[in-house]
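Please open the structure in your viewer and keep the selection tool at hand.

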Amino acid sequence: MPRLTLRQWIGWTGFALVFLLTAAVAVWRGDILRAGLDPQIPFQTYEPPPAPDYASPAAWALRDVRTPNAGPAAVFFLHSTTFDGGSDWNGPIDDADAQAYLRRVVLPNYAGPFARAGSVSAPLYRQGSLYTRLTLRDDARDARAFAYGDALAAFETWLADHPTGPLVLAGVEQGGELIDRLVRERVVSDPALRARVAAVYLMDVIVAREPLSPSLPACATATTVGCVMAWSGVDEDNDGAARRRLRRALVWNGTGQLVDLDKRPALCVNPVSGAADGAAVPARRHHGAANATGLEWGVRPAFIDRAVATHCEDGILRHTELTTESFREVGNWADRRKARQYNLFYADLERDVERRLNVWMASQAG
């Protein structure tokens, strides 16, 4: 074979280096991007953004917003992670990108199903960054626990404005995690407040099944009131994702710290049946998935019904996937690691909260 010239050697060497670099980026791209979100400072020495003033409208994404013919409930909604991070463990409430994602994706898809139940309020809070959801470091746990102070302060302000009537508490992902602690530490200890709660919805979050209070238990049936609905959904064919989710799950302990779920059972209430009985629910009972991303508040999306079969298995909601274009993960690397940009159970949640509110109102009339 003819010998390679010096120029050819340089060319082939350069090609090999480019190939190796490209392959390395493809393999470790997630680790590289994750490292870029690491604040690189201990949380103990971190200076968080200024605290929100919940007396100010600027501290709320929604404040007692009602749609025409909405029901009697006051709905308190905590949003999911919208702040990517970088130099901050906790995001300021006025971050432009986080606000845009909240209003474009999270509110239409996850607060939207509760719009017909009554007035909806959604506070802004110094949320743990996306990086805190991607690592189990103590700093990240502390940052996630720090957000609870804002959640509690917003709740107290909201509660003072709603001294009577039925209440609905709802949260998705990080917001659901905070609502879980709010229920365990604030609601359960107040009998008068507890009696006003029609239902609690913890969407896309793993919570420990025990020790839920007997006074605010898991929703046993579709007509139980004063109960908790919680689930974290995974494709029925993706056993690996289900195991990873349970292995990495963090739950609150009695002192307000996030600890490993370990081998404790996770709570799963099927959002289609509204029951914690573990029974498989066929797709024909599914009332409707929706992609509401980009819709204005109060605009109901189009639904795809009778499309998603569900069942709870080992504390995880296993479900069939929708393969249409509207229900595919889109956006950049960070966006695809946040709460889904659609809601598989939008219409099911609408029906569920309406049903429980009717039961609650009837019990009060009785």
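Two strands pair if DSSP finds at least two bridges between them; strands (E, at least two residues) and helices (H or I, at least four residues) are DSSP runs, numbered from the N terminus. The model is predicted: local features need pLDDT of at least 70, side-chain atom pairs count only at pLDDT 80 or more, and totals for chains, interfaces and linings use all residues. Residues are numbered from 1 along each chain as its sequence is written, and side-chain values use heavy atoms, without hydrogens and water.

**The sheet.** Select S7, S11 and S10, which in that order form an open sheet of three strands with mixed pairing. Its edge strands, S7 (233–235) and S10 (310–313), each pair on one side only. From one strand to the next, the twist averages 35°.

Next, display S7 with S11 (residues 316–319); three bridges join them in the parallel sense. Which residue of S11 is the bridge partner of Asp-235? The partner is His-319.

Select H3 (residues 138–160) and H4 (residues 174–187), which pack at about 65° with their axes 9 Å apart. Among the residues that meet are Tyr-148 and Phe-155 in H3, and Leu-178 and Arg-181 in H4.

How values were computed
Axes are lines fitted to C-alpha atoms, for helices over the stretch in contact, and angles run from 0 to 180 degrees between N-to-C directions. Contact means heavy atoms within 4.5 Å.
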